[in-house]
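Subject: A structure for you to look at

Hi,

I am handing over a structure that I have been going through, and I would like you to have it open while you read.

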Amino acid sequence: MKAQMRFQKIMCLVMLILGAVAFVYACSYVTGSVQYLFDMLQKRASGGYRELIDGAMIYIDIQSFNNMLLWFSIVMILAAVLLYITSTNKRRKYYITNYVATGVCAGLDIVLSIVAMALNGSWKAKFLAVDFEAWKTYYDAVDSMGDKLYDIDYSESTIMFDLGFVLFAIIIVASLLLVFNLVWKLMNEKAEKKLLSGAALENGKEVTAV
């Protein structure tokens, strides 16, 4: 029972931390390669960005998904807070509110993570469709004139997209472990109830014998 109690405290804290990490990730989502691409065009192009490098407007287009990620993370944090409001992290015996809190937190996190991963994959594909050859040629041409593009780098890195897959996969695993904790709790409560019933039965027999 002590091991399970310790595990439930850890899992509730993990869900809260992962929600916070998801929030930080959402705030950092379009940094790096996507930001470099748009910044370079914004500071150098005199006309439409799309005509200069195909796909460069991904920075603008992806903002709606970035906002969605931000809201997803806020929902995850609130769902984790619900675990603490219902004392799911420290309650020895679970009540209906604890089942609901666990189901809401795990369910929401799994669904939101799957949606986020699917859309993240779609945006990664769009980023990889950018005309990198034209971007590199333009970057080198300006760089060869001694202009460092305001410290803007050329990069084809997909690290921010890849981090999303890792993060949301971890959140899904953590959510499943939270459900496992609930099952473990139920098994412990059932075993404890059976043990107490057996002890009461034995005590009753001893009284009868006397």
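Predicted model: local features only at pLDDT ≥ 70, side-chain atom pairs only at ≥ 80, totals over all residues.

Of the contacts in the chain with a separation of 6 or more, 82% are between residues 24 or more positions apart. The chain has eight helices and zero strands, and from the N terminus on its elements read α-α-α-α-α-α-α-α. Out of 210 residues, 38% count as buried.

Let's start with helix α1, which covers residues 2-28. Is Q4 buried or exposed? Q4 is buried, because its relative accessible area is 0%. Leaving aside neighbours within four places in sequence, Q4 is in contact with N181, W184, K185 and N188.

Not counting residues up to four places away in sequence, L16 touches I77, A80, V81 and Y84. Take V81 as an example: L16 and V81 are 65 residues apart in sequence, and their C-alpha atoms are 6.9 Å apart in space.

Next, have a look at helix α6, residues 96-128. The helix has 33 residues and reaches 48 Å from its first C-alpha to its last, close to the 48 Å expected at 1.5 Å a residue. Its buried residues are N98, A101, T102, C105, A106, D109, L112, S113, A116, N120, W123 and F127.

In the loop between α5 (63-85) and α6 you will find S87. Its phi is near 60°, a positive value in a residue other than glycine. S87 counts as buried because its relative accessible area is 17%, and buried means under 20%.

Now for the cysteines. A disulfide is a covalent bond between the sulfur atoms of two cysteines. How many disulfides does the structure hold? The number is zero. For a disulfide, the two sulfur atoms would have to be within 2.5 Å. C12 itself counts as buried, at 1% relative accessibility.

Finally, there is one cavity of 30 Å³ or more in the structure. The volume of the largest cavity is about 50 Å³. Which residues line the largest cavity? They are Y29, T31, S33, V34, F127, S157, T158, I159, M160 and F161. F127 is also among the buried residues of α6. Two helices, α2 (33-44) and α8 (159-209), each supply at least two residues of the lining. The most comes from α8, with three residues. By type, the lining divides into six nonpolar residues, four polar and no charged.

Happy exploring, and do write back with any questions!

Best wishes

Note on methods. Residues numbered from 1 in each chain as written. Heavy atoms only, no water. 1 Å grid on protein atoms, 1.4 Å probe; cavity = no way out; pocket = protein on both sides within 12 Å on 5 of 7 lines; lining within 4 Å. Points joined across faces, edges and corners; volume = space filled by probe spheres on them. Helix = DSSP H or I, 4+ residues; strand = E, 2+ residues; numbered from the N terminus. Nonpolar A, V, L, I, M, F, W, Y, C, P; charged D, E, K, R; others polar. Buried < 20%, exposed > 50% of the residue type's maximum accessible area, 1.4 Å probe, protein only. Expected span 1.5 Å × (residues − 1). Contact = heavy atoms within 4.5 Å.
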